[in-house]
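Colleague: Can you walk me through this one? I would like to start with the strands and then move to the rings.

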Amino acid sequence: MKITLKPLFDVELPAGFEEIIRSKLIGREVKTGETVEIDLLGKPLAFKAILTDPSPMKVSQNTRIEITRSEVKEITLEFSGEVREVLSFSKGLVVVLENEVRIYNWNGQKLYSREFEELKEVRVAEGKVVVVYGDKVTVIEP
């Protein structure tokens with residue numbers, strides 16, 4: 001059982017500060033993604049719970065507390081049809097649907113979308129996307 005917290009303030013925390021945080025959070029329920037505050041010397045200190053394993057978790061004396069300055073980023077893309085294939089390359093992702101090719105950057109923004117009749121194959125090479133359909137080949141450079 002552990003909680004990874006990101007301070008929402010810009011102060012260097014001393015070694016062993018995790019023990020102080022745990023003592024302030026004991027008995028509280030913490031969920032991944034929520035902001036938790038602890039009161040220290042009359043001042044509220046805010047932390048974002050980057051990860052609680054499990055989530056939600058009731059903090060106990062056995063809960064391991066970790067402090068991080070980075071944050072995990074998660075992007076979920078939803079499609080109305082089934083995803084046939086996903087290819088990654090330096091500029092992002094290529095999502096192949098039934099007869100459509102979509103290209104997204106690493107932030108999830110759509111860069112390209114086109115339907116192809118008789119879509120056979122999609123490949124990625126040297127930052128370009130190659131689409132084979134019917135008796136044609138199209139090269140896309142996003």
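Modeller: Some terms come before that: helices (H or I, at least four residues) and strands (E, at least two) are DSSP runs, numbered from the N terminus. Two strands pair if DSSP finds at least two bridges between them. This is a predicted model, where local features need pLDDT of at least 70 and side-chain atom pairs count only at pLDDT 80 or more, while totals for chains, interfaces and linings use all residues. Residues are numbered from 1 along each chain as its sequence is written, and side-chain values use heavy atoms, without hydrogens and water.

Colleague: OK, in what order do the three strands of the open sheet come?

Modeller: The order is β11-β12-β13, with antiparallel pairing. At the edges are β11 (119–125) and β13 (136–140), each pairing on one side only.

Colleague: How many bridges join β11 to β12?

Modeller: Six, and β12 covers residues 128–133. Val122 stands opposite Val131 in β12.

Colleague: Now the rings. How many aromatic pairs are there?

Modeller: The whole structure has three. Rings of Phe, Tyr and Trp (its six-membered ring) pair if their centres lie within 6.5 Å; planes under 30 degrees apart count as stacked, over 60 as edge-to-face and the rest as tilted. One of the pairs is Phe79 with Tyr104, centres 6.1 Å apart and planes at 70 degrees, so it is edge-to-face.

Colleague: And which pair is tilted?

Modeller: Phe116 and Tyr133, at 4.7 Å centre to centre and 55 degrees between the planes. Phe116 is in the loop between β10 (110–115) and β11, and Tyr133 is in β12, so the pair ties together parts 17 residues apart in sequence.
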